[in-house]
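Here are some quick notes to read alongside the model.

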Amino acid sequence: MIIGARQTFARSLGLLKRLKSTLVIAEHNNEKLTPCTLNAVTAASKIGGDISCLVYGTNCSKVAEEVSKIKGVSKVLVAESEAFKGFLPETVTPFLEATQKQFKFTHILAPATATGKNILPRLAAKLDVSPISEITGVQDESTFVRTIYAGNAIQTLKSSESVKIITVRGTSFEAAALGGSAASEKLSIPVEKSSTSEFLGQELSKSDRPELTSAKAVVSGGRGMKNGENFKILYELADKLNAAVGASRAAVDAGFVANDLQVGQTGKIVAPELYIAVGISGAIQHLAGMKDSKVIVAINKDPEAPIFQVADYGLVEDLFKAVPAMTLLLTKK
Ligand SMILES: Cc1cc2nc3c(=O)[nH]c(=O)nc-3n(C[C@H](O)[C@H](O)[C@H](O)COP(=O)(O)OP(=O)(O)OC[C@H]3O[C@@H](n4cnc5c(N)ncnc54)[C@H](O)[C@@H]3O)c2cc1C
């Protein structure tokens, strides 16, 4: 049979398409999917090819069902074992290595969260490839964009690794839509409990407020708040806006608030619709964590404060006057 050039091209395109297969590692607590997984799926869809999602946990069938509804996911791989308790990287990594051996994915993605950052570099080392951390963009299947030097420079890198191990910055990709209906497959890969570490328990901070990295609005306080007590006025404003409360590192280091509120290079990366920086000077390390917010409002008594350079709206005022006045205004509304 003679095949025309156009057909050959179309066939090789089809082959290429089939050759690309991405695994997205779902993040969850056995009950609910962590929303950043949806952003990782969007990054995967920009790579192209087939997308499978891996859900492993102790009792995670509910999560697997949730994942099967994500648009763009064609298969959900499910693994349940008591050994996954605490998601210890020492247990998870050999399991992921075996999964990769079986399926031979071209790309493995996970959200760039504490969990993803704990597991993927370890997997990359085991597979003897360089991990690609915290991508903010996908140019093609092997070219990725990420920030370097605390967000002061943007790097575009081309990877020639046989399998690309990638963590994804959730705030840089839209959340994938729901409405899909992917098939599920139970994995029979054996899971070995780590002999070096054991999960004893965890204490998680509980809050009725929206979670900092997924909140639509964030009100952050800095050293200008003077002490932890004064954060009360930020909580009052946050309540009116259904916002999460964040902080600069100076505020955290001074003990005003807990360190899980820190926004910035060494804290959390946020990109809400609205970010209100109160008594924060705008050091580059803080900006690295919030400058992608859609609308930035800064309240600072120093008109020269660098935060005003990135702010869409700036108010040069004493925060102890401005913040209660804003809360009052929102109360009257
Ligand atoms: C390796 C490294 C990593 C870092 N990571 C982070 C990070 O992740 N996140 C982070 O935030 N920082 C980080 N930092 C620290 C960063 O460099 C700054 O020191 C810090 O962000 C400053 O916090 P701040 O703006 O609250 O304090 P300051 O710089 O002291 O600013 C306080 C501001 O409050 C204003 N102010 C004071 N009183 C009032 C008032 N009554 N009304 C209105 N305004 C008032 C002042 O004018 C001033 O602008 C890092 C530093 C290093 C070296």
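**Notes on the predicted model**

1. Let's start with the annotation. UniProt, in an unreviewed entry, lists residues 22–203 as "domain: Electron transfer flavoprotein alpha/beta-subunit N-terminal".

2. Now to the ligand. The second largest pocket is where the ligand sits. A shell of 26 residues surrounds the ligand, and the closest of them are Arg223, Ser248, Thr266, Ser281 and Asn300.

3. What is the shell made of, by class? As for helices, H7 (249–253), H8 (284–290) and H10 (319–332) each contribute at least two residues to the shell around the ligand.

4. On the oxygen side, a ligand oxygen atom lies 2.8 Å from a side-chain N or O atom of Gln285. On the nitrogen side, Leu319 places a backbone N or O atom 2.8 Å from a nitrogen atom of the ligand, while Asp318 has a polar side-chain atom 3.2 Å from a ligand nitrogen atom.

5. How much of the ligand's accessible area does the protein cover? On its own the ligand has 990 Å² of accessible area, and the protein covers 77% of that.

Note on methods:
Residues are numbered from 1 along each chain as its sequence is written. This is a predicted model: local features need pLDDT of at least 70, side-chain atom pairs count only at pLDDT 80 or more; totals for chains, interfaces and linings use all residues. Side-chain values use heavy atoms; hydrogens and water are left out. A residue is near a molecule or strand if one of its heavy atoms lies within 4 Å of it. A polar contact is a pair of N or O atoms within 3.5 Å; within protein, one must be able to donate a hydrogen and the other to accept it, and residues adjacent in sequence count only if both atoms are side-chain atoms. Accessible areas come from the Shrake-Rupley method with a 1.4 Å probe; for residues, only the protein chains shown count as cover. On a 1 Å grid over the protein atoms alone, a cavity is a set of points where a 1.4 Å probe fits but cannot get out, and a pocket is an open set with protein on both sides within 12 Å along at least five of seven lines; lining residues have an atom within 4 Å of a point. A molecule sits in a cavity or pocket if more than half of its atoms lie within 2 Å of its grid points. Helices (H or I, at least four residues) and strands (E, at least two) are DSSP runs, numbered from the N terminus. UniProt positions are given in the numbering used here, feature names are shortened, and annotations may be inferred rather than shown by experiment.
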